[in-house]
Amino acid sequence: MRTTKLFLSVMCLFLLLTGCKSYRSQNVLQERFYHIIESGEEVRFGDIADFEWDRVDIVWPYSDLEEFRKSNSEIENLPRSVAKRISQQALEENETLFIFSLGNKFVAYDEALYYDVKEVGLEFGAHYYSPETILRKTTFPEHAGRRRFKSMDEWYNRRKSAGKK
């Protein structure tokens, strides 16, 4: 009896943990934007994502969830963890969030640094793009102290080592 209870407890815990889907950004966009900027290639936005989508909504720095919902279509099944990340965006100055959807249903999200997003030709204030959008290196003015990072992890580690959260 005791073994059965233990087994059932472990199985319930396993099912709970496997059922919780994490939508942590994979930082794929940052790496691919970096490649576009460095190589000078022109790429269709739809070709740099490894999943199917028909619209990407953008949450720019200093945006918040309510502003996002007012200015964009309502995306179904937006996970709470992603909504929380969007609400935190109001505090960030250098990150841009991308919310991918297919048929108005949430598919994935990713992040990239604001300057690199601008440098591949995405315009600040634009709320969404399609897979047919062409990304290419643009002439975006350099800012004092700006560094280009291959990945968001590299950027986070640099901030962490500098004592920033």
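# Chat about a predicted model

User: Which helix is Gln 30 found in?
Analyst: Gln 30 sits in helix H2. Keep in mind that this is a predicted model.

User: Is Gln 30 buried or exposed?
Analyst: Its relative accessible area is 0%, so Gln 30 counts as buried.

User: Which backbone nitrogen lies 2.6 Å from a polar atom of its side chain?
Analyst: That of Leu 113. The distance of 2.6 Å runs from the backbone nitrogen of Leu 113 to a polar atom in the side chain of Gln 30.

User: Let's zoom out. How many helices and strands does the protein chain have?
Analyst: There are six helices and six strands. Starting at the N terminus, the elements come in the order α-α-β-β-α-α-β-β-α-β-β-α.

User: And how much of the chain is buried?
Analyst: Of its 165 residues, 41% count as buried. As for contacts, take those in the protein chain with a separation of 6 or more: 66% of them are between residues 24 or more positions apart.

User: What is the order of the strands in the open sheet?
Analyst: The order is S4-S3-S2-S5, and the pairing is antiparallel.

User: Which strands stand at the edges?
Analyst: S4 and S5 (128-129) do. Each has a single partner strand, so one side of each has no neighbour in the sheet.

User: How many bridges are there between S3 and S4?
Analyst: S3 and S4 pair over eight bridges, in the antiparallel sense.

User: Which strands does H2 lie across?
Analyst: H2 lies across S3 and S4, at about 55° to S4. H4 packs on the sheet as well and touches S2, S3 and S4. The direction of H4 makes about 145° with that of S3.

User: How many residues of S4 are buried?
Analyst: Seven of its nine residues, so S4 is mostly covered even though it stands at an edge of the sheet.

User: Back to H4. Which of its residues are buried?
Analyst: Val 82, Ala 83, Arg 85 and Ile 86 are buried. Viewed down the axis of H4, the buried residues fall within an arc of 160°, so they line one face of the helix.

User: And which are exposed on the other side of H4?
Analyst: Arg 80 and Lys 84 are exposed there.

User: New topic. How many residues are in the largest nonpolar core?
Analyst: The largest nonpolar core has 21 residues. Those with the most contacts inside it are Phe 33, Phe 45, Phe 98, Leu 122 and Leu 135.

User: Which elements give two or more residues to this core?
Analyst: Helix H2 (28-39), strand S2 (55-59), strand S3 (95-102) and helix H5 (114-119). H2 gives the most, with four residues.

User: What is Leu 135 in contact with?
Analyst: Setting aside neighbours within four places in sequence, Leu 135 is in contact with Phe 33, Ile 36, Glu 41, Glu 42, Val 43, Phe 45, Ile 48, Val 120 and Leu 122. There is also a second, separate core of 11 residues, which includes Phe 68, Leu 78, Phe 106 and Tyr 109.

User: H5 came up. Where is Tyr 114, and what is it in contact with?
Analyst: Tyr 114 is in helix H5. With a relative accessible area of 17%, Tyr 114 is buried, because the cut-off for buried is under 20%. Leaving out neighbours within four places in sequence, Tyr 114 is in contact with Trp 60, Pro 61, Asn 94, Glu 95, Thr 96 and Phe 124. Asn 94 is 20 residues from Tyr 114 along the chain, and their C-alpha atoms are separated by 5.1 Å.

Note on methods:
Residues are numbered from 1 along each chain as its sequence is written. This is a predicted model: local features need pLDDT of at least 70, side-chain atom pairs count only at pLDDT 80 or more; totals for chains, interfaces and linings use all residues. Side-chain values use heavy atoms; hydrogens and water are left out. A nonpolar core is a set of buried Ala, Val, Leu, Ile, Met, Phe, Trp, Tyr and Cys residues joined through side-chain atoms within 4.5 Å. Buried means under 20% relative accessible area, exposed over 50%, partly exposed in between (1.4 Å probe, protein chains only). Contact means heavy atoms within 4.5 Å. A polar contact is a pair of N or O atoms within 3.5 Å; within protein, one must be able to donate a hydrogen and the other to accept it, and residues adjacent in sequence count only if both atoms are side-chain atoms. Two strands pair if DSSP finds at least two bridges between them. Axes are lines fitted to C-alpha atoms, for helices over the stretch in contact, and angles run from 0 to 180 degrees between N-to-C directions. The arc is that of the directions from the helix axis to the C-beta atoms.
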